[in-house]
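Subject: Structure handover and notes

Hello,

Here is the structure for your files. My notes on it come after the model.

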Amino acid sequence: LLYFTYSRFRLPILLAWMPFAGAGAARLVDALRRRTHIGVSGAAAAAALLAVSYVPFEGEYPRQLAANTMVDSADAWNRLGRPERAERLLERALTEVPASSKAELALGRLRLQQGDERTAKRHFVRAWSVPGALPSALLELARLELAAADPALRDPDEAARRLRAWLAGADASSSAWPRAANLLASGLVDHPDVAIHPGEARGLAERVLALHPDDRAAPLVLEAIDASEAD
């Protein structure tokens with residue numbers, strides 16, 4: 001049981017161990033009724049097992065699990081039109097795990113929904129700075145830097161730098177890769193001064209279609225590229 005960190009692996013084994021645990025419980029009840037005697041070695045083993053069962057050997061996993069559950073619950077409350085309750089849950093999630101990329105990302109989206117782009121950007125930056133951050137944090141941050149309503153928050157050069165750096169090392173078969181590539185390509189169309197060379201945006205969109213033929217955004221990006229070149 002100590003070997004399997006995740007409860008979904010432990011629970012099936014519990015069924016097989018129940019008869020042995022039941023036998024031990026029955027022996028303990030008999031001893032308490034003074035019908036049988038438990039030896040020193042048996043008592044020591046029982047005490048050791050009882051102590052081990054209270055040792056938090058899973059590390060931060062339970063806290064991460066609790067924080068993720070709060071984030072999921074916050075999303076549900078927000079969809080039900082209760083953003084204030086969602087906000088409280090997300091703040092509790094960050095109390096549980098201060099470096100939660102998922103919670104920071106959700107808070108950023110909530111702030112963006114409320115029209116607070118400046119605070120949203122701070123949350124997206126923190127979400128992306130966490131080791132092992134979700135690619136969605138990068139996409140939200142880059143999207144805001146490319147098209148923020150507040151000119152002071154727009155930074156297309158930095159958005160392109162972030163996206164290029166991630167695309168260079170990411171797995172092109174992942175679901176986030178085509179979204180990042182399409183976002184960069186469309187950003188280059190809207191901000192041509194950011195492009196390294198004129199064909200970069202087209203090359204990105206064409207590569208997305210080559211690797212992900214069912215992608216729906218890449219053809220739209222190519223249409224925008226054709227329209228910009230026609231102008």
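Predicted model: local features only at pLDDT ≥ 70, side-chain atom pairs only at ≥ 80, totals over all residues.

Residues are numbered from 1 along each chain as its sequence is written, and side-chain values use heavy atoms, with hydrogens and water left out.

Helices

Helices (H or I, at least four residues) are DSSP runs numbered from the N terminus. The expected span of a helix is 1.5 Å times one less than its number of residues. Buried means under 20% relative accessible area, exposed over 50%, and partly exposed in between, with a 1.4 Å probe and protein chains only.

Helix α3 (61–79) has 19 residues and reaches 27 Å from its first C-alpha to its last, close to the 27 Å expected. Its buried residues are Ala67, Met70, Val71 and Ala74. These cover an arc of only 100° around the axis, which puts them on the same side of α3; the arc is that of the directions from the helix axis to the C-beta atoms. The cover over the buried residues of α3 includes α4 and α5. After α3 comes Gly81, with a positive phi near 85°.

Helix α11 covers residues 217–230, which makes 14 residues, and spans 20 Å between its first and last C-alpha, close to the 20 Å expected. Ala218, Val221, Leu222 and Ile225 are its buried residues. Seen down the axis of α11, they fall within an arc of 100°, so they line one face of the helix. The face turned away from that buried side carries the exposed residues Leu220, Glu223 and Ala230. Among the elements that cover the buried residues of α11 are α9 (176–190) and α10 (200–211).

Salt bridges

The structure holds 15 salt bridges, a salt bridge being a side-chain nitrogen of Lys or Arg within 4 Å of a carboxyl oxygen of Asp or Glu.

- Arg126 and Glu104 form a salt bridge, with the closest N and O atoms 3.2 Å apart. The pair links distant parts of the chain, 22 residues apart: Arg126 is in helix α6 (residues 117–129) and Glu104 in helix α5 (residues 101–113). Arg126 counts as partly exposed at 37% relative accessibility, whereas Glu104, at 6%, counts as buried.
- Arg109 and Glu140 meet through their side chains in a salt bridge of 2.8 Å, N to O. Arg109 sits in helix α5 and Glu140 in helix α7 (residues 135–147), so far as the sequence goes 31 residues apart. Arg109 is partly exposed at 38% relative accessibility, and Glu140 is buried at 13%. Leaving aside neighbours within four places in sequence, Glu140 is in contact (heavy atoms within 4.5 Å) with Leu105, Arg109 and Phe124.
- Asp150 and Arg118 also meet in a salt bridge, at 3.1 Å from N to O. Asp150 lies in the loop between α7 and α8 (156–169) and Arg118 in helix α6, so the pair ties together parts that are 32 residues apart in sequence. Asp150 is partly exposed at 25% relative accessibility, as is Arg118 at 43%.

Salt bridges that share partners also join Lys121, Glu145, Glu158, Arg161 and Arg162 into one network.

Cavities and pockets were found on a 1 Å grid over the protein atoms alone: a cavity is a set of points where a 1.4 Å probe fits but cannot get out, and a pocket is an open set with protein on both sides within 12 Å along at least five of seven lines. Lining residues have an atom within 4 Å of a point. Grid points are joined across faces, edges and corners, and a volume is the space filled by probe spheres set on the points.

By this rule there is one cavity of 30 Å³ or more. The largest cavity has a volume of about 30 Å³. Its lining consists of Leu146, Pro156, Ala160, Leu184, Gly187, Leu188, His191 and Val194. The elements that give two or more residues to this lining are α8 and α9, and α9 gives the most, with three residues.

The second largest pocket holds about 280 Å³ of space. It is lined by 14 residues, of which Val71, Asp75, Leu105, Ala106 and Arg109 lie nearest its centre. α3, α4 (83–96) and α5 are the elements that give two or more residues to the lining of this pocket. The largest share, six residues, comes from α5.

Regards
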